[in-house]
Amino acid sequence: MDPVQEQYELLPYPARDPADEDRRLIVGSPSELVEVDHFLFRGGRDWSQPFRALVAGGGTGDGLILLAQRLRDAGCPARIVYLDLSRAARKVAEARAARRGLSDMIRFETGDIARAPELAAEEGGAFDYVDCCGVLHHLPDPEAGLTALARALAPEGGMGLMLYAPYGRTGVYPLQEAFAQLLGQDPPAEKLRLARAALGALPPTNWFLRNEHLRDHESGDAGFYDLLLHGRDRPYDVPALLALLEAAGLAPVSFVEPARYDPRHYLPEGEEFAARVARLSEPERWALAERLAGNMRAHVLYVAPRERAEARVARPAPDMTPHLNALRADALAREIHKRGRLRVNFSGVRFDLPIAREAAPIAARLDGRLTLGRVAQALGLDWLAFGQRYAPLHRALTSANLLRLSRGLK
């Protein structure tokens, strides 16, 4: 058996209890439906129309359950195909879906993501959306895997991707190599026991111990094995990521947190640095930001076929409904009114997003129900005057993925 398949048969990842579905829905990026609409469908998809999705390498089902639940809540006639190598992981995902009453909209398949074009044909057409999180960096041939997914994607569709990044995982790969050298012939249970013992004896100079951003190994056996004993694991910096996309005929639409990829946030203010950054291309700026930040453990982004990747992200319009992410409108308004800025924290890197105090009354009305046009009307502003006040607020919040726009989702 392939070592990666063997690992996930023994230790399905992430560890999940289907009974927990009764008390909470795990949310995140990508595949939050309003986020998908914002980044890939200009915020304007008609969700009353059929929607086909593939969750490629679905594991124990976090992305699958989030996407399926949101589609069900939206009343969308959706069909989702779940695909994973691990039967043990699939069993957990199936139980979670059954617990929520979502099984009728999901087809569960065990196999390699190379089957994606075949599954699309069997489902009657290409997929509108593909979720592929934490998968490509574990494949023996990531380029072939991503190319297969691209072949199964509709021309106007898009993908949500997550791939590991190198600098925020500093210390992981030397320790993986050390444990493979020491424990490569041991059975998995023995590897776990001995690796835990070895980790406890490491000197404080070890780079893994010095990396305060790594916590997966503390979440149980599945998390420990996935982080430090994985049989196939490679990270992608920005240039390598872009090369992988290009080889598959894809291009980035947007990282979900564009502000993290702006090097100006990690440099002194002033014209000396600003002018140098301005001379760089956008991909060069992304790569520079990753090198300067040093804490990016993964890249999360939306991509689309290269010839149709531009102009996908939603833009403000009177009939768009703004949805805050992880923020309360009243708290946001108070912060803007008090400080004229919003402080964000990206894995220990904190910086301020300037927002004029005059935007506070707008922020207070971003309740996920009012359209931008109705917010303008409530403030007694015509669309032009409103747009001038709203634009800086929109830029700041969307740069940190704190706001998404949609016409059809409430």
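Predicted model: local features only at pLDDT ≥ 70, side-chain atom pairs only at ≥ 80, totals over all residues.
**View 1. Asn401, in the loop between H17 and E11.** Asn401 isn't a glycine, yet its phi is positive, at about 55 degrees. Is Asn401 buried or exposed? Its relative accessibility is 4%, and the cut-off for buried is under 20%, so Asn401 counts as buried.

**View 2. Strand E8, covered on both faces.** E8 takes in residues 321-324. On one side you'll find Thr321 and His323, on the other Pro322 and Leu324, and all of these are buried. Which residue of E11 stands opposite Leu324? That would be Leu403.

**View 3. Arg42, another non-glycine with a positive phi.** The phi of Arg42 is about 55 degrees. Look for Arg42 in the loop that connects H2 with strand E1 (51-56).

**View 4. Strands E1 and E2, side by side.** E1 and E2 pair in the parallel sense, with six bridges between them.

View 5. Pro14 belongs to the loop between helix H1 (3-10) and H2. Another cis bond links Ser29 and Pro30, and here omega is about -5 degrees. Where does Pro30 sit? Again, the answer is the loop between H1 and H2.

**View 6. Leu66, a buried residue of helix H3.** Helix H3 spans residues 62-73 and includes Leu66. With a relative accessible area of 2%, Leu66 counts as buried. Leaving aside residues up to four places away in sequence, what does Leu66 touch? Its contacts are Leu25, Ile26, Val27, Gly28, Pro30, Ser31 and Glu32. Pro30, from the cis bond with Ser29, turns up in that list. For a sense of scale, the C-alpha atom of Leu66 is separated by 39 Å from that of Leu202, a residue 136 places away along the chain.

**View 7. Helix H11 and its buried side.** H11 runs over residues 238-247, and its buried residues include Val238, Leu241, Leu242, Leu244 and Leu245. They span an arc of only 155 degrees around the axis, so they end up on the same side of H11. Among the elements that cover the buried residues of H11 are helices H6 (142-151) and H13 (282-293), along with strands E5 (153-164), E6 (250-255) and E7 (298-305). Now for the two ends. At the start of H11, Asp237 brings a side-chain oxygen to within 2.9 Å of the backbone nitrogen of Ala240. Just past H11 comes Gly249, with a positive phi of about 75 degrees.

**View 8. Asn295, a buried loop residue with polar contacts.** Asn295 lies in the loop between H13 and E7. Its relative accessibility is 4%, so Asn295 counts as buried. Its side chain makes a polar contact of 3.4 Å with the side chain of Arg260. The Asn295 side chain also reaches the backbone oxygen of Ser347, at 3.0 Å. Beyond four places away in sequence, the residues that Asn295 touches are Gly168, His213, Arg260, Phe346, Ser347, Gly348 and Val349.

**View 9. The second largest pocket.** This pocket holds about 1,400 Å³ of space. Its lining runs to 43 residues, and Pro258, Ala259, Asp262, Glu282 and Ser399 are the ones nearest its centre. Helices H2 (33-40), H12 (271-278), H13 and H17 (383-399) each give two or more residues to the lining, as do strands E6 and E10 (349-354). Which element supplies the largest share? H17 does, with five residues.

Technical notes:
Residues numbered from 1 in each chain as written. Heavy atoms only, no water. Buried < 20%, exposed > 50% of the residue type's maximum accessible area, 1.4 Å probe, protein only. Helix = DSSP H or I, 4+ residues; strand = E, 2+ residues; numbered from the N terminus. Pairing = 2+ DSSP bridges. Arc of directions from axis to C-beta. Contact = heavy atoms within 4.5 Å. Polar contact = N/O pair within 3.5 Å; in protein donor to acceptor, adjacent residues only side chain to side chain. 1 Å grid on protein atoms, 1.4 Å probe; cavity = no way out; pocket = protein on both sides within 12 Å on 5 of 7 lines; lining within 4 Å. Points joined across faces, edges and corners; volume = space filled by probe spheres on them.
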